[in-house]
Structures are given as C-alpha cells and as structure tokens.
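Please look over the fold below.

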Amino acid sequence: KNSKRSSGHSDDGFQVARKTSDGGGSGKAAVKKVSSEAAAAPKFSSIVPSGDVEAQQVLWYELSRKGYKTNWPVVQFSAFIYYCMENEPFMSMEVMRIGNLKERSSVRFKTRDATAKAGIHYIPTEGVLTFEPDENTAVIKVPLEASERWDTTLEFVVELEHTDLVNAIPGRYLWQARVKVMQVRGDTFPTDRFSVEIMKRRFDKVPNNKLFWEYCKMNYQEPKVKKGTLVMLFIGLVRTAYRLLQLAMLFFCTALVAAPSADAGAASLGFSAENRDIALWYVATAIFVPVPFIQLLSYCTPWLQVDSTSRSLLQRNLLRRFLNFTDQSRQELREGDLLLTMTRDVEALVTHGFMNLPRLLQSISELVLLFVFQFAFPAALGDEVRLDAGLPLFLFPVVLVMLLTCCH
C-alpha cells in the first residue's frame, strides 16, 4: 500500500543498510539490504537474523525516521522495575503494546537470574505473550517462592525475547525489566534465629557459639559450599583410615621384630616362618601404595573453592547492601569500617571459622576411631585387652576443652 512512496525512496533502504553496516557494530553489519517490501512485512524476525537485537532495533528506528510506515507496534514493559513481597504467590508484570493494534501480535518472554536464584526465590518462567486485536496490555505472572536463606538484595530479570516476533518490535529500552523482591524473612545475618536481638542491637544477648553455628548452617545452604564441604569430610575420613592402617602395620612390624625368634613372631601373627618375608612385603605395600592417592586428594582440595565461595558470598552481599543504602545511612557508615569488614573480618570468619569445622570433625573422628582401635585390634588378634590403654585418648580432649574454656 506504500508502493508508490517506497519506490520513490528505494535508495533510502540501501542507504539504511549502508549506514548500519558502516557503523562497525556486529548488529549493524548484519543488515545487508532493506527494501520497500520489508517495511510492510508482518513478521519482523524474517527481515533480519533472529537474536540480532541491535540490527533489529536499528532497522526499525531508521525506517521510522525515513518515513516508512512499518506498522509494527512496540511491545515493552510498563516500568523498568517492579516491587513485590517474597510471601506473595506471584509477581504480575504489565506489558503494553503501542502503535497499530488492528492485528494480532505475539512475543516470547523468559526470566533470568540476578541476585535471586531460580528454584530458590522464584520459579523460572517462559512462554509466549499474545495480544489480540485492539488489545494494548497483557500481564506476565511469575510464581514466587519464600526462602529463609540470607540475602541482602533479591532481584531477577524478565526479558522480552527478540526471536519469533510476530507483528511486533520490542521497545528500545523497556524490553527487559527488573523485579525487586522485598524480604519478609532471611533479612538478618546469618539467620532469623536471633533476629529480635539483632534488630534491637542487643548483641550481648546473642551467644557466640550459637551464632557461629547459625552461620555454618547458612553457609551450608550454598550448593557449591555444601558439595565441597562433603568432599572435604570424605577426604578427612580417608586420611583417618590411612592413619589407622599405618598403626595396624606398625603393630605387625613390632610383633615380627620384637619376638624372641623369627618363628615365634610369625606364628603370633598367623604366618609360618617361611612366609615371614612375604608378610613384610605386604606391610610395605599397604603403607606405600595409598600415599599417591592421599596426595592426589590433598592436591584437589583447593580446587573445591569452598573458602573462596564463602568469602565471595559475604563480600557480594555486603557490597550490595551498601549500594542499596539510603544517602543518610551511607553517610553515617564509615568507609574504613566497610573496607575492614570485607577484607579482614570476612577472611578471619571464613578461614579461621568455617574452614576449621571440617578439620575439627576430622580430629574428632580420629579420636573416636583410635579409641575403638585400642580395644578392637588386640581383641581381634587374641591378645589381652587393657582398659587403661584408652585412658590418654579419653583424658586428652577433656583437658583440652577445659583449657580452652579457661582461656576464654
């Protein structure tokens, strides 16, 4: 219907392509040719490559500026940012259509993670939004999920995709919108167990050991930290088992060497005198063969990135909280306190706090297994079981706990 006008401006179509391709951008270079027939095409993605956001937007605006009647309505969000409470069932976002409303339009949409994570704070949603003739608004609903996980800010993004567009062009700026989720729970660090005391600044009423345990539980909710911690505990159990194996082999060697004769030493362990050398080879193999495997596990421990993930979790949340402060709150906070917290205190809490928890559990497991070894191994060999052999293992942790309690 614009053939007469378009034919008179046929060179303008090539001029648009020349301008966009000379711009140097990847999206602009994708526009090779724009003819007058392209201006009346109902499906926008058939003109330029789908997904080339810059090329599509440049084409549409250049055609509009040149006077072509594109007849493509603009589809965009009604606002750049939306607010909701985390205990609401879903978030409703209005999408409006501007321009020619006589035909049917459709556009695809999807959600994208920001600080809020899909499956934890909201349910990932995608689909096709359809505008019927003479309809200028539509609503996208994203289901929300309440979480007790500590986060200073919660946001996710909803985007209008630039593929499979039918009789529509996405807005130049409002083709995506942010959703800010206001927290009802999980707003105090590390959990809400002492939220009343923390909000009233009665920190003397909060026990340090229980507060640290709450921090460990909060940190354990991070999937990467949880997986890495379990692997570290497994490595600790392997090392403990290897130490028990060393003790058992040492017992064998002592029985073979300390016996009055070679025959008596071998007989006490169930070997014949001729197999005494073979028994020593078994002992040497059991001691040295697991060493490369143990070293490999120790080498792989830093690659788990448990400590770096824990530090990053705290530092990211602290920085986001600071950036979301009001001007008055930001002026009351000294920058030195923020820097010391993010560099010194976070490092101390993670390195000397949370990362020592797997080592503590490994030490406790070693004490328990050694205590069992003192009685089970002699009984298995038919020797006399001495009850006083486990007395040092029982007294050592008791004395150590009393000493630490007195020091604090």
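R201 is exposed, with a relative accessible area of 67%; exposed means over 50%, buried under 20% and partly exposed in between, using a 1.4 Å probe and protein chains only. R201 sits in the loop between helix 5 and helix 6. Its phi is positive, about 60 degrees, although R201 is not a glycine. Most residues other than glycine have a negative phi, and most peptide bonds are trans.

This is a predicted model, in which local features need pLDDT of at least 70, side-chain atom pairs count only at pLDDT 80 or more, and totals for chains, interfaces and linings use all residues. Residues are numbered from 1 along each chain as its sequence is written, and side-chain values use heavy atoms, with hydrogens and water left out.

N167 also has a positive phi, near 55 degrees, and is not a glycine. N167 lies in the loop between strand 7 and strand 8 (169-170). Buried or exposed: which is N167? N167 is buried, at 4% relative accessible area. A cis peptide bond runs from F189 to P190, with omega near -5 degrees. P190 belongs to the loop between strand 9 and helix 5 (195-199).

## Two more single sites

N87 is in the loop between strand 2 and strand 3. With 55% relative accessibility, N87 counts as exposed. N87 and M182 are 95 residues apart along the chain, yet their C-alpha atoms are separated by 9.0 Å.

E366 is in helix 14 (residues 356-380). E366 counts as buried, at 16% relative accessibility. Which residues does E366 contact, leaving aside neighbours within four places in sequence? The partners are T240 and R243. Contact here means heavy atoms within 4.5 Å.

## The chain overall

The protein chain has 15 helices and nine strands. These are DSSP runs numbered from the N terminus: helices are H or I with at least four residues, strands are E with at least two. Of the 408 residues, 36% count as buried. Take the contacts with a separation of 6 or more: residues 24 or more positions apart account for 69% of them.

## Nonpolar cores

The largest nonpolar core has 26 residues. A nonpolar core is a set of buried Ala, Val, Leu, Ile, Met, Phe, Trp, Tyr and Cys residues joined through side-chain atoms within 4.5 Å. Which members touch the most other members? They are F77, I140 and F156. Several strands give two or more residues to this core, among them strand 1 (74-77), strand 4 (105-113), strand 6 (137-143) and strand 7 (155-160).

I140 has contacts that include F77, M93, F109, L129 and V158, not counting residues up to four places away in sequence. A second, separate core of 13 residues includes W150, Y215, L314 and V346. In soluble globular proteins, nonpolar side chains tend to be buried together.

Two packed helices are described by the angle between their axes and the distance between the axes. Axes are lines fitted to C-alpha atoms, for helices over the stretch in contact, and angles run from 0 to 180 degrees between N-to-C directions.

Helix 11 and helix 13 (residues 335-354) pack at about 150 degrees, with axes 10 Å apart. They are therefore roughly antiparallel to each other; angles over 145 degrees count as roughly antiparallel, under 35 as roughly parallel, 65 to 115 as roughly perpendicular and the rest as oblique. The contact includes V306, S310, L314 and L318 of helix 11, and L338, M342, V346 and V350 of helix 13. Its residues divide into 11 nonpolar, four polar and three charged. Ala, Val, Leu, Ile, Met, Phe, Trp, Tyr, Cys and Pro count as nonpolar, Asp, Glu, Lys and Arg as charged, and the others, Gly among them, as polar.

## Helix 6 against both

Helix 6 (residues 208-220) packs on helix 11 (residues 306-323) at an angle of about 100 degrees, with the axes 11 Å apart. That makes helix 6 roughly perpendicular to helix 11. Y215, M218 and N219 of helix 6 meet S310, L313 and L314 of helix 11. This contact has four nonpolar, two polar and no charged residues.

Helix 6 and helix 13 pack at about 95 degrees, with axes 12 Å apart. They are therefore roughly perpendicular to each other. From helix 6, F212, Y215, C216 and N219 meet L349, V350, G353 and F354 in helix 13.
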